[in-house]
Amino acid sequence: DKTVEYINQFCSNSINESHSFALSVGYMLPHQPYVCQKEIYQKFMDKVKLPEIKEKKFEDYHPYLQWWKENTGSTDITDEENLRCKAAYSGLVSSLDCMIGEIIKCLKKNEIFNETIIIYTSDHGDQVGEHGFWWKQTFYEESVKIPLIMSWKDKLPCNERRKQILNLVDLTATIVDVGEGMELPNIDGKSFLNIAINKKHKSKNETFSEFCIDNSLSWSDTKEPHLSRMIRTDDWKFIYYHGYNNQLFNLKNDPDEMQNLSGLKEYSKI
């Protein structure tokens, strides 16, 4: 609502006709707790299906993930709970779509939609029951991979889906580049605008992620922080767990991340 109000005010002031604006609009949706409006929830209950990547036997999980499931009380999630949570999560996504739609309608009503770049992204994904997990906090693709949708009429190509790996740390530099602003000093990020404009431009195809659990969490009785880190380069994903064995996945051959190659001699160079 505040975003729509701002755009309407900006466009009603003739002084701004030659000016630009930048808005960062942050939503909590979709997010746990998985609670949405009743009528939307009921609509999705008839559409959702059980997770495709089924839950393993508890002892077959990586020891760190066993610890995680035990401490979060998510060792015995029923099919009914999976379906109910997926319906509510889908309902939250639908509610978010409607909110974003109101902003797009406002841009079109004020006749500035064609001049405005829209970037839709998120800080994390959600397991949504895949692999027997919910929430984020893992390095499975469902959790660590995020959407990045960009729309800019006549500047960016339409209906293209890219396989390049990009980083949120580069987003600020990209926005500054779009606005032809002064390059920001002392930042790690690099603009990926040229990659967005032309898929022939190569990205480094590498990204990092990190997660730390310490005893500040209400349910955590750990005395030592649980540290985990991930690096993804091209089709390879390596996960380091402090105090545990590591994981290595080839996402081209094993997109569901079922076969841990870490520790096998033939992959030692990787």
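Leaving aside neighbours within four places in sequence, L65 is in contact (heavy atoms within 4.5 Å) with F133, T138, Y140 and Y241. L65 also belongs to the largest nonpolar core, where Y64, L65, F133 and I239 touch the most other members out of 14 residues. A nonpolar core here is a set of buried Ala, Val, Leu, Ile, Met, Phe, Trp, Tyr and Cys residues joined through side-chain atoms within 4.5 Å. Buried means under 20% relative accessible area, with exposed over 50% and partly exposed in between, using a 1.4 Å probe and protein chains only. Two elements, α3 (63–71) and β5 (236–241), each supply at least two residues of this core, and the largest share, 4 residues, comes from α3. Apart from this core lies another one, of 11 residues, with F44, A88, L92 and V128 among them.

All of this comes from a predicted model, in which local features need pLDDT of at least 70 and side-chain atom pairs count only at pLDDT 80 or more, while totals for chains, interfaces and linings use all residues. Residues are numbered from 1 along each chain as its sequence is written, and side-chain values use heavy atoms, with hydrogens and water left out.

Now for the chain as a whole. The protein chain has 7 helices and 6 strands, where helices (H or I, at least four residues) and strands (E, at least two) are DSSP runs numbered from the N terminus. Read from the N terminus on, the elements go α-α-α-α-β-α-β-α-α-β-β-β-β. Taken along the principal axes, the C-alpha atoms fill a box of roughly 65 × 50 × 35 Å. Of the 270 residues in the protein chain, 33% count as buried. Among contacts with a separation of 6 or more, 59% are between residues 24 or more positions apart.

Back to α3. Y64, L65, Q66, W67, W68 and K69 are buried in this helix, and the buried residues of α3 pack against β3 (206–213), β4 (226–233) and β5. After α3 comes G73, with a positive phi near 65°.

Next, the helix pairs. Two packed helices are described by the angle between their axes and the distance between the axes. Axes are lines fitted to C-alpha atoms, for helices over the stretch in contact, and angles run from 0 to 180 degrees between N-to-C directions. Helix α2 (residues 38–45) packs with helix α4 (residues 79–109) at an angle of about 120°, their axes 8 Å apart. The two helices are therefore oblique to each other; angles under 35 degrees count as roughly parallel, over 145 as roughly antiparallel, 65 to 115 as roughly perpendicular and the rest as oblique. On the α2 side, I40, Y41, K43, F44 and M45 make the contact, and α4 answers with L83, R84, A87, A88, S90, G91, S94 and S95. By class, these residues divide into 7 nonpolar, 4 polar and 2 charged.

G132 counts as buried at 5% relative accessibility. From D76, G132 is 56 residues away in sequence and 8.9 Å away in space, C-alpha to C-alpha. H124 is buried as well, with a relative accessible area of 16%. Its contacts, again leaving aside neighbours within four places in sequence, are H31, K136, S143 and I146.

Finally, A173 lies in helix α6 (residues 171–178) and is buried, with a relative accessible area of 13%. A173 touches I187, G189, K190 and S191, not counting residues up to four places away in sequence. A173 and E59 are 114 residues apart in sequence and 45 Å apart in space, C-alpha to C-alpha.

Note on methods: Ala, Val, Leu, Ile, Met, Phe, Trp, Tyr, Cys and Pro count as nonpolar, Asp, Glu, Lys and Arg as charged, and the others, Gly among them, as polar.
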